[in-house]
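Student: Please take me slowly through one part of this structure, the place where the ligand sits. I would also like to know what can be said about the protein chain beside it.

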Amino acid sequence: MNIPALLRRWWPLPALAVLVLLPYSALPLPGLLDGPIGSPGSLQLLALCLVFGALATGYDLLLGRTGLLSFGHALYFAAGTYATGLLLTRAGLGFWPAAGLGLLAGVALSALLGAVSLRVSGIGFAMVTLAFAQAGSILVQRDPGGVTGGEEGLAATGLPASLVGIAHTADLYWIALAYLVVTLAAVQWAVRSPIGRVWEGIRENERRVEVLGLRPYGFKLVAFVLAGTLAALGGVVYLLLTGGATPQTTTSDFTLSLLVMVVLGGSGTRWGPLVGGVLYTWAQHRLASLAGSGTIAGLPSVLRVPLSQPLFLLGVLFVIIVYALPGGVAGLPARLRARAVSRGAQA
Amino acid sequence: MSTVVLLGITGLGLGALYFLVASGLSLIFGLMDVLNFAHGALLSIGAYATWWAASHSFGFPLALLFGTAVGTLAAVALELGLVRPLYRRPREQVLATVGVGLAVPALLSAIWGADARTFPVPSALAGTFTLLGASVPVDRLVLVGAALVVLLALRLFLGRTRHGLVVRAGVEDRAMVTALGIDVRKAFTLVFAIGGAAAALAGGLAGLYFGSVDPTQGGSLLIFGFVVVVMGGLGSVSGAAVACVVVGLVQQFANYYSTAGLGDLSVVVMLAALLLVRPSGLTGRLA
Amino acid sequence: MTTAPPAPPVLQLTDVGWSIGGAVILDDVSLEVREGEFLAFIGPNGAGKTSLFNLVSGLNPVSRGRIALDGADITRLAPHARARRGLGRTFQTSSLWPGMSVADHVRLAAQAAQGGSFRLWRRARPFTAEVTDTLERTGLTGRADALAGSLSHGEKRKLELAVLLVGDPRVMLLDEPMAGVSAEEVPALTELIRSLHRDEGRTVMMVEHHMDVLLGLADRLAVMHHGTLLALDVPDTVMADETVQLAYLGEGL
Ligand SMILES: Nc1ncnc2c1ncn2[C@@H]1O[C@H](COP(=O)(O)OP(=O)(O)OP(=O)(O)O)[C@@H](O)[C@H]1O
Ligand SMILES: [Mg+2]
């Protein structure tokens, strides 16, 4: 095999090697990152980008692979974060048992609620998942019994010392990277399995799958639980990364931001959700720091007011993507190629 | 006893808000297969417009009228500008409304701040009256009354007018109506206008009910609107009316007699239970 | 010497009816299909032929009456459960998986038929032999990688048949399998359907508007009209029936 063909097939490996080595780089990326790549601030942002890229990839197992529009994915992410955080802080468990049980909580919750919500399909499913997630969000914010920390969130105590503090940002970054690799591998593996083949059929035409003699319910439930498990795992990583749990991660806005990431990057593709998640997370942080900076404060109020709200910009951006870029970023090369071909045909 | 009466009327008031949100959602979904995530945004627009007018010394009825009008215009603009160009692509339509649902509350909090603004409740509606030994705030009655008027108006519109018949037939079987050569798209704009008006009215009344307006109100009312729509059966206005009473009452009573927050939770548990027993909702119309 | 009791009919419909939105679409349809029989359905547009197939395959619930397969009541069974009992069908308006390739259609159907779909821990099988054989039988060789959504009308009909064949059902419901197929391809498809019935002994129910295709294939003809079963008999008798002529031809006048 020649080099280009090898590269086309195996490029993820060198890309992964580069990602692994990033903490050792002192390269500054002015405009993109505030400090050099290897600085704790930049690594923290990069790690968040990877976590959300992975989270979006897991969410796309539902949206892009099985055709399930869930509006409650935040719940399973938050379940991982909060269950682990509570077991650490309130029950005094060690980190590993707490993380294991936190993950298990995500599995159990997604199995239980998935089993109920999948009894309705289409938009009904979207509404029911939303309602469940909202119940979880209310529970966390109202904080009955005073365990979740309510609006304040939960600062996790009892994290292993080797994973806390600025000195260990690189380790946390690698954990985030490992989570991303696990998610990508799990999704890729599942999509190529016999169940993955049925998912594709369900996405394209669920009724027709039934006529083949397969009951879609169980297949959809597997997708739901797998996606929920990956989200809960992401929740545990997020807890490590930020040292606590915040109620924002339980809200429907959080699920909607996952949806935006997936659509932005390209739903149903291998790399699209990852790209979307990274771009979105990075943009949100940049916009937030831009909003707090002097650049925007000097603008006239017609521009300053909307620009000070990252969510406003992201919402507008999202609408534009839905209109102008239906396949997301991942569909861009194919669209450009198609346009070049039709240009060539006209010439 | 007086507590029960007070809770009951307050629950009905909440149910009235849910009905105003859910009736429009249900019609829009029934006719167009679009789950309108911007419905909460329409509510917030109505709430802020009403609040703005009321704090600029419009009388309350006039302020409410102004808020409803602004919300209706916003809904029509949304349908014509964003939803219609994506005709026949319901998923993209839903995504576009998601974008609007994110952007509008952010814009509102950019302009008026993220914190709640006190709603100038008119003195005529600030008082209470005595019913069966309970002193009940007057505004609850206004809410229930408004919801009843809207319910009646919707029933008359759907049952008695030509446009209403087209909407009803379209909810029943859109392909059939199109086959009859009727332009359903006019009806699309119409249901968006109706839904937007009801949501904006709900926004103004929510300001009255909660005594304040804030950018997140629309989003949280929207979610209970969804619950009501699913329980009542998609596309059914009467189903929504029954479901909103149940949801409002259960929520109030559970919140009072147990920890706060449990009422909201019990509503969702009720939804889950209903779906387990009857996946098609109360009226058997969930596809 | 004892004679075996007569086998129950493969499919038995008793007073089956279907209403939707207040309109009665099907009323009081009763019929029996025997093992290995070829039963053809004719009738004007809107007579309720597709609706009847939807009831039999379970896509719509019956409003009245009873449906039995091999003597067992299947009236309330879900579509997938009926399919697993050997009931397969094709659709008049193509309802395939538009974003999947032709070969993937065969693979999915083969996987559904052979079991083992509910597995996450191994690679999905390629089913190379099934893909080659089926595409050859249905005349789709060379189109393996085309997306179903991009196929011509006639090709979609053939793909419907391909998906059905892989499932190897005992009872086949074919809803206008020739519609949209070009004239020169009709004989080959007719031959394929004939061999499914005659050589492989499958029970076939088929809706078809073209009488010339049906003659020589059908054992019996069922005539549907305004949601009722107007006549059900051997083709010659049905064609000679006056009410049938009036109903069927009168409609076209
Ligand atoms: N889901 C539905 N809702 C309402 N009416 C329906 C529905 N499905 C079918 N119908 C009506 O039932 C009648 C019978 O339709 P059906 O498709 O069964 O006829 P058909 O005999 O297959 O006609 P064709 O020869 O055109 O295929 C038609 O009048 C049709 O409009
Ligand atoms: Mg038909």
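Tutor: Among the 13 residues around ligand 1, the ones that come nearest are C:Asn45, C:Lys49, C:Thr50, C:Ser51 and C:Gln92, where a residue is near a molecule if one of its heavy atoms lies within 4 Å of it. This is a predicted model, in which local features need pLDDT of at least 70 and side-chain atom pairs count only at pLDDT 80 or more, while totals for chains, interfaces and linings use all residues. Residues are numbered from 1 along each chain as its sequence is written, chains are lettered from A and ligands numbered from 1 in the order in which they are written, and side-chain values use heavy atoms, with hydrogens and water left out.

Ligand 1 lies between chains B and C. The shell around ligand 1 is made up of three nonpolar, seven polar and three charged residues; here Ala, Val, Leu, Ile, Met, Phe, Trp, Tyr, Cys and Pro count as nonpolar, Asp, Glu, Lys and Arg as charged, and the others, Gly among them, as polar. Helix α1 (residues 49–57) of chain C supplies the largest share of this shell, with three residues. Helices (H or I, at least four residues) and strands (E, at least two) are DSSP runs, numbered from the N terminus.

Let us now look at single atoms. A polar side-chain atom of C:Asn45 is placed 2.8 Å from an oxygen atom of ligand 1, which is a polar contact, that is, a pair of N or O atoms within 3.5 Å. The backbone takes part as well: a backbone N or O atom of C:Gly48 lies 2.9 Å from an oxygen atom of ligand 1, and a polar backbone atom of C:Lys49 is 2.8 Å from an oxygen atom of ligand 1. On its own, ligand 1 has 630 Å² of accessible area, and the protein covers 65% of that; such areas come from the Shrake-Rupley method with a 1.4 Å probe.

From the ligand we can move on to chain C itself and its charged pairs. Side chains of opposite charge can pair when their charged atoms come close. The rule used here calls it a salt bridge when a side-chain nitrogen of Lys or Arg is within 4 Å of a carboxyl oxygen of Asp or Glu, and by this rule there are 21 salt bridges over all chains. One of them joins C:Glu37 to C:Arg220, with the closest N and O atoms 2.4 Å apart. This pair links distant parts of the chain, since C:Glu37 is in the loop between β2 (23–33) and β3 (38–42) of chain C, whereas C:Arg220 is in strand β9 (residues 220–225) of chain C, 183 residues apart.

How far are these two partners covered? C:Glu37 is buried because its relative accessible area is 4%, and C:Arg220 is also buried, at 13%; buried means under 20% relative accessible area, exposed over 50%, and partly exposed in between (1.4 Å probe, protein chains only).

A second pair is formed by C:Asp70 and C:Arg170, whose side chains meet in a salt bridge (2.7 Å, N to O). Here too the pair links distant parts of the chain: C:Asp70 is in the loop between β4 (64–69) and β5 (72–73) of chain C, and C:Arg170 is in the loop between α5 (153–167) and β7 (171–175) of chain C, 100 residues apart. C:Asp70 is partly exposed, because its relative accessible area is 36%, and C:Arg170 is partly exposed at 33%.

The loop between α5 and β7 of chain C also holds C:Asp168. C:Asp168 is linked with C:Arg137, C:Glu200 and C:Arg202 in a network of salt bridges. The backbone of C:Asp168 deserves a look too, with a positive phi near 55 degrees in a residue other than glycine. Most residues other than glycine have a negative phi. C:Asp15 likewise has a positive phi, of about 50 degrees, although it is not a glycine. C:Asp15 lies in strand β1 (residues 11–20) of chain C, and C:Asp15 counts as partly exposed because its relative accessible area is 41%.

Key. A polar contact is a pair of N or O atoms within 3.5 Å; within protein, one must be able to donate a hydrogen and the other to accept it, and residues adjacent in sequence count only if both atoms are side-chain atoms.
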